[in-house]
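Dear colleague,

I am handing over the structure below, together with some notes on what turned up in it. Please read the notes with the coordinates open beside you.

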Amino acid sequence: MDQQKSLHTAAIVFDYFTDLSSTQIALFNRLHAIYASWNAKINLISRKDIDHLYLHHVLHSLAIAKVTTFCAHTKILDFGTGGGFPGIPLAIIFPEVDFHLVDATAKKIKAVEAIITTLGLTNIRVSCVRGEALAEAYDFIVGRGVTNLKLFYNWVKDKLSQEQKNRLPNGILYLKGKPTESLPLSMDLYPLDSFFKEAFFKEKYLVHAYSVPKKRQSMSFLF
């Protein structure tokens, strides 16, 4: 397939995730048509960006899956999910993991709920609520450019479970540009161009912020 054409199809996902099941492949292939239909009704993502759905939104979300896998029944909160990112792509990759997608914008949550139903994903629940009001605890809290990292941390810092299930310490997994903020946590940075060769991923990072004591309490660059 022509490289430029593959940027606009699920083929770009399959280039980087080669051990997907037939079910997962089918689900990823369906995303563009479903999102294009909803995006014509409600601005889930920028309308000029819909042709870049797989590169800018799906693959970007799946950077988290390049850093770690999650054990079954891990609880993950997608705080400020917007159009369902990174939660929906991650739920396809990790079908045994429990995802809670939250956003305060009712029309977006209604659309996301319909997309999840259309895809038949049973490991996601959604809530239209301000995330700060949630009383539950989660193993990981994920986000994608919701706000600056310090404000995001202040919103979610009391929602992390103390029970460790996974190799990666419980914490925040946040997709953004290079962070300049400091947090009262250990922070590891994963440059996305270590995983993906496309120019879109230059200067983009996954931040893992967590409170497990380490010898260093500073920002570490990995890869």
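A residue is called buried here when its relative accessible area is under 20%, and exposed when that value is over 50%. Please bear in mind throughout that this is a predicted model.

With that cut-off in hand, I would begin with Ser-61, a residue of helix α4, which counts as buried because its relative accessibility is 0%. If its neighbours within four places in sequence are left aside, the residues in contact with Ser-61 are Phe-85, Pro-86, Pro-89, Leu-90, Arg-144 and Leu-175. Two of these contacts, Phe-85 and Pro-86, are themselves joined by a cis peptide bond, for which omega is about 10°, and Pro-86 sits in the loop between β1 and α6 (87-93).

Helix α4 (residues 53-61) also packs with helix α3 (residues 22-39), at an angle of about 120° and with the two axes 12 Å apart; the pair is therefore oblique, and the crossing is right-handed. On the α3 side the contact is made by Phe-28, Asn-29, Arg-30, Leu-31, His-32 and Tyr-35, which meet Leu-53, Tyr-54 and Val-58 of α4. By residue type, the contact of α3 with α4 is made up of 6 nonpolar, 2 polar and 1 charged.

Turning to helix α8 (residues 149-156), which of its residues are buried? They are Leu-149, Phe-152, Tyr-153 and Val-156, and, viewed down the axis of α8, they fall within an arc of 100°, so they line one face of the helix. What these buried residues of α8 pack against is a set of strands, namely β1 (75-79), β4 (140-144), β5 (171-177), β6 (186-191) and β7 (204-210).

His-73, in the loop between α5 (63-67) and β1, has a positive phi of about 70° although it is not a glycine, and with a relative accessible area of 53% His-73 is exposed. Glu-203, which is placed in the loop between β6 and β7, likewise has a positive phi, here of about 65°, without being a glycine, and Glu-203 is exposed as well, at a relative accessible area of 55%.

Note on methods
Residues numbered from 1 in each chain as written. Predicted model: local features only at pLDDT ≥ 70, side-chain atom pairs only at ≥ 80, totals over all residues. Heavy atoms only, no water. Axes fitted to C-alpha atoms, helices over the stretch in contact; angles between N-to-C directions. Helix = DSSP H or I, 4+ residues; strand = E, 2+ residues; numbered from the N terminus. Parallel < 35°, antiparallel > 145°, perpendicular 65-115°, else oblique. Left-handed = near helix turned anticlockwise from the far one by under 90°. Contact = heavy atoms within 4.5 Å. Nonpolar A, V, L, I, M, F, W, Y, C, P; charged D, E, K, R; others polar. Buried < 20%, exposed > 50% of the residue type's maximum accessible area, 1.4 Å probe, protein only. Arc of directions from axis to C-beta.
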